[in-house]
Amino acid sequence: MRTLLTPRTFRRLLVAAGALAVIAASGNWAERHELQTKTEGLRQAAAAHVLGLRGLVERHDFLPHAAARHPDVQALLRAPRDAALRARVDDYFADLQATTGAAALFLVDRAGLTLAASNWNLPSSFVGQSYRQRPYFEDAVQGRRGLFYGLGLTTGQSGLFIAEPVRADGAILGVVVVKISLEPLQATWMRGADPVVLRDSHGIVFLSAVPEWLFHGIRPVSAAELRWVAAHRQYGNRDRFPVLPWTIESRRATPAFVLHTSVQGLRTNLLALDTPLPELGWTLTVTTDMKEVVQARQLALMLAALAVALLLLGVLYWRLREKRFIEQRTARIELERRVEERTRDLEEAHAFRKAMEDSLLVGMRARAPDGTIIYVNPALCAMVGYSADELLGRRPPYPYWHPDDLEKQARESADALQGRAAPHGFESRIRHKDGHDVITMVYTAPLVDAQGVHRGWMSSVVDITAQKQAEARQRDQEVRLQRSARLASVGEMASTLAHELNQPLMALSNFAVAARALAAQSAPREMLAGALDEIVEQSKRASEIVKRVRAFINPQRAQYESLTIASVVTHAAALLTPELRRDGLALRLTLDDDDVRVRGDRVLLEQVLVNLIHNAMHAMHDRPRGSIELASRRVDQGVRISVIDEGPGIPPEQLDQIFAPFFTTRPDGLGLGLNICRTIVEAHGGAMTVDNRPGGGAAFSFTLPTVP
């Protein structure tokens with residue numbers, strides 16, 4: 001019974017046939033396109049290899065021509081038995097070979113015997129060898145340039161031989177030959193992914209990236225060719241050249257061909273392209289794997305099948321679309337509502353962020369990588385006195401830069417734009433639009449967007465003008481406080497200084513009375529002069545005491561001089577000797593070097609030691625017959641002076657406050673003495689420390705830089 005196709009079934013079959021035809025055509029197109037791409041790549045690779053081969057030959061092509069015209073070379077061919085001449089030519093060839101990188105360079109006479117060679121001093125020397133049967137010799141001795149590739153008769157190593165006749169007075173005296181090794185080129189090919197083959201005019205492969213293809217022919221070598229190769233020993237003692245296991249498949253519309261072969265025992269398909277080198281008589285074959293061509297075809301087939309499937313799905317989707325139109329319309333309305341809500345939320349979030357930015361007291365400034373200002377907040381505008389419109393789009397120098405600091409601010413701006421801004425910020429002085437100065441602290445960080453792209457630099461600018469003014473006032477108060485402290489310390493020392501001044505004043509009075517009595521009695525002039533000298537000496541002593549008090553009150557009046565530490569220590573000890581005896585205390589001096597010198601004010605340094613010894617005496621007031629050590633010793637680039645007592649020491653929790661103004665452990669103390677001592681030491685370029693001794697007591701030490 002005959003079955004008739006319905007129109008609907010026929011349309012389906014027609015669509016299926018068309019889909020299969022489209023899929024097949026896509027695969028064929030992808031294969032042709034990939035073949036063309038691969039062929040173009042092979043052309044470029046072949047051009048590169050040919051350029052390298054020709055460059056290698058051309059780089060050494062001049063050597064035999066130049067060597068043939070050397071006077072010593074021509075002279076040696078005329079006098080082959082001259083040993084000195086032969087040695088010079090050997091050295092000349094060796095120098096050329098080392099300079100140019102050629103494998104060898106040698107000279108052959110008309111009989112084919114080698115007279116000189118660059119390897120004359122090696123066991124494999126060419127000297128004395130005959131190369132009469134070589135084609136390059138035959139060509140050169142007949143006046144032509146010889147070119148030949150083969151294995152060396154002496155070394156057995158392959159190379160390209162270039163020969164040039166040596167002419168003199170129109171006659172050919174001999175032949176100069178240069179040998180070029182192609183083994184580095186073959187080693188480079190072996191490291192490559194795709195095989196490269198070089199064959200001679202007989203079809204014999206003599207250079208290959210695949211070792212098992214060497215000395216094989218792409219076709220059977222004829223008997224005449226075999227005889228020629230054997231006669232000239234082109235490839236040593238080889239007399240058989242098996243045919244390569246290649247199956248060649250030509251491709252239309254492309255000069256390349258498909259090569260079915262095996263590499264290292266594995267079957268592979270290669271796309272190959274031949275490039276002849278007529279000047280050398282060689283043919284270069286470059287290859288590439290066919291896997292990508294096959295994969296391109298398969299991928300095109302899959303993509304075409306997927307496209308057809310998607311098209312069919314599209315048709316099905318279009319048919320379903322009519323049924324889902326109402327649902328989509330409802331969904332679109334719902335989506336629009338949500339978009340509006342999201343937009344409103346974003347606007348509210350933006351407004352809230354803007355309100356936060358406007359409420360910041362810290363100035364914010366964003367700059368593009370080239371320094372253009374792209375954002376400022378109201379706080380920065382208020383800080384500099386310029387509106388946002390006046391600042392946006394401006395590049396350095398900015399209008400608020402201080403005219404006295406333009407160079408400094410330009411340098412700081414360049415560092416920030418190059419990512420070298422200090423992470424802890426830097427201080428900058430700017431000029432407000434109305435003319436007053438504003439001191440700011442600037443912190444800069446990279447400005448990175450949500451996609452991680454660096455868009456510029458964000459700076460936070462903090463107005464620290466009030467802080468700087470407060471710090472200045474505090475420093476001024478500290479200076480005044482220290483002056484008051486010195487005056488208070490002078491009051492504390494009044495009784496001691498009064499005692500010291502009383503002695504020279506009483507002595508002045510006594511010597512004056514004595515001088516008057518001596519004058520009334522007409523005493524000898526020597527006695528009267530002695531009394532007057534004593535009056536002068538005691539006046540100087542009183543003046544020195546007053547000078548010491550004035551210098552301590554105002555250190556700016558100090559007179560710096562080069563002095564020995566030993567003299568300062570001994571004089572300070574002498575000043576306190578009466579008090580030490582009164583309290584039953586001993587002062588031990590331990591001086592490491594009596595000659596060490598420092599630069600300073602003698603009176604101020606003595607006052608530091610007097611204060612430290614006084615503190616030690618107070619610490620030992622309940623320990624009679626104790627001792628205080630006053631020591632000095634050299635340290636790196638300075639001298640360290642220590643006052644060590646045997647008192648109870650300083651509580652550990654008070655060590656950090658011991659030099660603070662008004663801190664004291666004595667009920668009647670003002671807490672200014674140690675602070676003043678440290679100020680004097682630091683004014684001399686030194687530093688003061690305090691430590692508790694392991695056996696009890698405290699050690700106050702200070703270091704001073706030494707001078708030669």
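I'll start with Glu 164, which sits in strand β4, residues 158-168. Keep in mind that this is a predicted model.

Glu 164 is buried and has no salt bridge. The nearest side chain of opposite charge belongs to Arg 145, 4.8 Å away. Which residues does Glu 164 contact, leaving aside neighbours within four places in sequence? They are Pro 64, His 65, Ala 140, Arg 145, Gly 174, Val 175 and Val 176.

Next, the surface. Arg 8, Arg 11, Arg 12, Arg 319 and Lys 323 gather there in a patch of positive charge. Two elements, α1 (7-68) and α7 (291-359), each give two or more residues to that patch. The largest share, three residues, is from α1. Arg 8 is found in helix α1.

Now some backbone points. Phe 215 is not a glycine, but its phi is positive, near 55 degrees. Phe 215 lies in the loop between β7 (205-208) and α6 (223-231). Is Phe 215 buried or exposed? Its relative accessibility is 17%, so Phe 215 counts as buried.

Gln 637 also has a positive phi, about 55 degrees, without being a glycine. Its place is the loop between β20 (627-635) and β21 (638-644). Gln 637 counts as exposed because its relative accessibility is 72%.

Last item: the peptide bond from Pro 396 to Pro 397 is cis, and omega is near 0 degrees. Pro 397 is located in the loop that runs between α9 (388-391) and α10 (406-417).

How values were computed. Residues are numbered from 1 along each chain as its sequence is written. This is a predicted model: local features need pLDDT of at least 70, side-chain atom pairs count only at pLDDT 80 or more; totals for chains, interfaces and linings use all residues. Side-chain values use heavy atoms; hydrogens and water are left out. Helices (H or I, at least four residues) and strands (E, at least two) are DSSP runs, numbered from the N terminus. Buried means under 20% relative accessible area, exposed over 50%, partly exposed in between (1.4 Å probe, protein chains only). Lys and Arg count as positive and Asp and Glu as negative; His and the chain ends are not counted. A salt bridge is a side-chain nitrogen of Lys or Arg within 4 Å of a carboxyl oxygen of Asp or Glu. Contact means heavy atoms within 4.5 Å. Patches are made of residues with over 30% relative accessible area and no salt bridge: like charges are joined within 9 Å, nonpolar side chains (Val, Leu, Ile, Met, Phe, Trp, Tyr) within 5 Å. Accessible areas come from the Shrake-Rupley method with a 1.4 Å probe; for residues, only the protein chains shown count as cover. The place of a charge is taken as NZ of Lys, CZ of Arg, CG of Asp or CD of Glu.
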